[in-house]
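Here is a chain to be read feature by feature. The dialogue starts after the sequence and structure.

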Amino acid sequence: MKAVSVRTSISVAADAEEAVRELADAIMQPEMAVVVFFCSVRYDLAALGKALRKTFPCPIIGCTSAGEFVSGMGYRKGSIVAASISSSELSVRPVLIDSLSSFSQDAADNVASSLLGNGLQGHEEKNNRFGLLMIDGLSGAEERVVFALQKVFGSVPIVGGSAGDDLELHKTFVYHDGEFHSGAALLALFETTLPFTVLQAQHFVRSESRFQITDADPDSRTVFTINDRRAASVYAEAIGVPENDLTPDLFSLHPLILRVAGQNYVRAVRAALPDGSLQFYSAIETGLILYLGTSHDIVANLERAFYDSLIQVPYPKLLIGCECIHRRLEVESLGLTHKMQRVLDRMEHIGFHTYGEQVDALHVNQTFTGVILGDHS
C-alpha cells in the first residue's frame, strides 16, 4: 500500500472561483495533508484567496508567479497550477512572516519557536523536516530572511523561491489563510517520515571576463559603475550589443557570477535603468568582483540533478520546483522548451518561475531549486 497519494492539475479559467472549482475537481482527495499552488497575478486575488480557503479543508500554501509549470503541460503563463498531497506520514504547518523590512534574527527565532515548539506531531521516530519558503520577490529582503531562518533551523533544509508577477515588476504576493500578502513571506514546515531530497541545478560557469563593482546601492540592488565606468555600458560591451538593446532575454543568457568559497553563484541583472545603471535580482555591493557567466547545457544539467536526486529518493511522488524566470527565458530563446518538458515529466511535478531562489542559506539566481518527496517503495 502506498504511503502517499499525489494529484496535480492546472486551470486557465479567467474567473477565480471557476479556476478553483476546476482544480478541486481534479485534485480533491481524502485526508489531504496540504495543497500547494502557484498562480498568475492576473487573477482577482481577493476572490481567489477566499475560494481556496472555502474549498480545501487542509493547509494551503502558494504564491504569485512569473510563470507556472505542471506535469504534462510544460511551461505556462496566466494560469493556476496546484497539487494535493495525501499521507498519514506528512504534516504541514505554514506561518506568515510579515514586515520583511524589519525582519531580524529575533523574528526568525520566534518563527522557529512557533513551528518547532510542539514537537513532531507524531513523527518523533524519524526527525525528517524541511521548510518550503515563498517570499515577496520585490522586497529585497531575501538574503537577510533566508540566512536568519537557516541559522535558527540548523540542519533542517530551507528551500524556496521569490514570488513573481509575470515580469511586471510591480507587486508580488504570498498566500496565507485565505488572503494574499505583499511585503511578506510564507514558511511552511513539512514534517514527514517519507523520503525526500533537496534539488538544486545551476548551469553557468565563470568566464575570464572580470568586473569590479565600483559604485553600488545595496538597498536597491543597483550598480552604478563597473570598473569606474557606467555599468550598463560596460556590461553591454562585454556581451557584444549596443546598450540600448539590453533586454531580459539577453540578461538571461549573460548573467554575472560571484565566486564564494570555490562555488559559483549567479547574480542576474533585473533591468538596465535610464541612467545607465544596472539593477539586480540579488544582493550586490561596492567592491565585489564578478565574472561574466558562460552557459553549459541547461537541459543536460537538470537531467544530471534529477539523476543524482533519484539516488536519494528512488520512488519519487512529487517535485515542488522553483525555477528562475531567467532560466525560462533562456530555454525559450534557445528553442529548448519541449526538451525541458521531457525532463520535468520524468516525475510528477508542480512549480513556478521565480524572481530568485533560496537554498543553503543563500538567495541565488538562475537556479532550479526544489524538493522531491517520495514513497517507501
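This is a predicted model: local features need pLDDT of at least 70, side-chain atom pairs count only at pLDDT 80 or more; totals for chains, interfaces and linings use all residues.

Q: How many helices and strands does the chain have?
A: Helices (H or I, at least four residues) and strands (E, at least two) are DSSP runs, numbered from the N terminus. The chain has nine helices and 26 strands.

Q: What does the radius of gyration say about the chain?
A: The radius is taken over C-alpha atoms, and the globule rule is 2.2 Å times the number of residues to the power 0.38. For 377 residues a compact globule would come near 21 Å, and the chain, at 20 Å, agrees. Along the principal axes, the C-alpha atoms fill a box of roughly 60 × 45 × 40 Å. Buried means under 20% relative accessible area, exposed over 50%, partly exposed in between (1.4 Å probe, protein chains only); 58% of the 377 residues count as buried. With contact meaning heavy atoms within 4.5 Å, 81% of contacts between residues at least 6 apart in sequence join residues at least 24 apart.

Q: Which residues of helix 7 are buried, and where do they lie on the helix?
A: An α-helix has 3.6 residues a turn, so residues three or four places apart point the same way. In helix 7 the buried residues are Ile-298, Val-299, Asn-301, Leu-302, Ala-305, Phe-306 and Ser-309. They fall within an arc of 160° seen down the axis, so they line one face of the helix; the arc is that of the directions from the helix axis to the C-beta atoms. Tyr-307 and Ile-311, on the other side, are exposed. The cover over the buried residues includes strand 13 (196-201), strand 22 (316-324), helix 8 (325-333), helix 9 (337-344) and strand 26 (368-374).

Q: What is found at the start of helix 7?
A: A side-chain oxygen of Asp-297 comes to within 3.0 Å of the backbone nitrogen of Val-299.

Q: How many disulfides are there?
A: A disulfide is a covalent bond between the sulfur atoms of two cysteines. Counted as pairs of cysteine sulfur atoms within 2.5 Å, disulfides number zero. For Cys-63, the nearest cysteine sulfur is that of Cys-322, 7.6 Å away, too far for a bond. Cys-63 is buried at 0% relative accessible area, and Cys-322 is buried at 2%.

Q: Where is Thr-367, and what does Thr-367 contact?
A: Thr-367 sits in the loop between strand 25 (362-364) and strand 26, and is buried at 2% relative accessible area. Beyond its neighbours within four places in sequence, its contacts include Gln-200, Cys-322, Arg-327 and Glu-357.

How values were computed:
Residues are numbered from 1 along each chain as its sequence is written. Side-chain values use heavy atoms; hydrogens and water are left out. A polar contact is a pair of N or O atoms within 3.5 Å; within protein, one must be able to donate a hydrogen and the other to accept it, and residues adjacent in sequence count only if both atoms are side-chain atoms.
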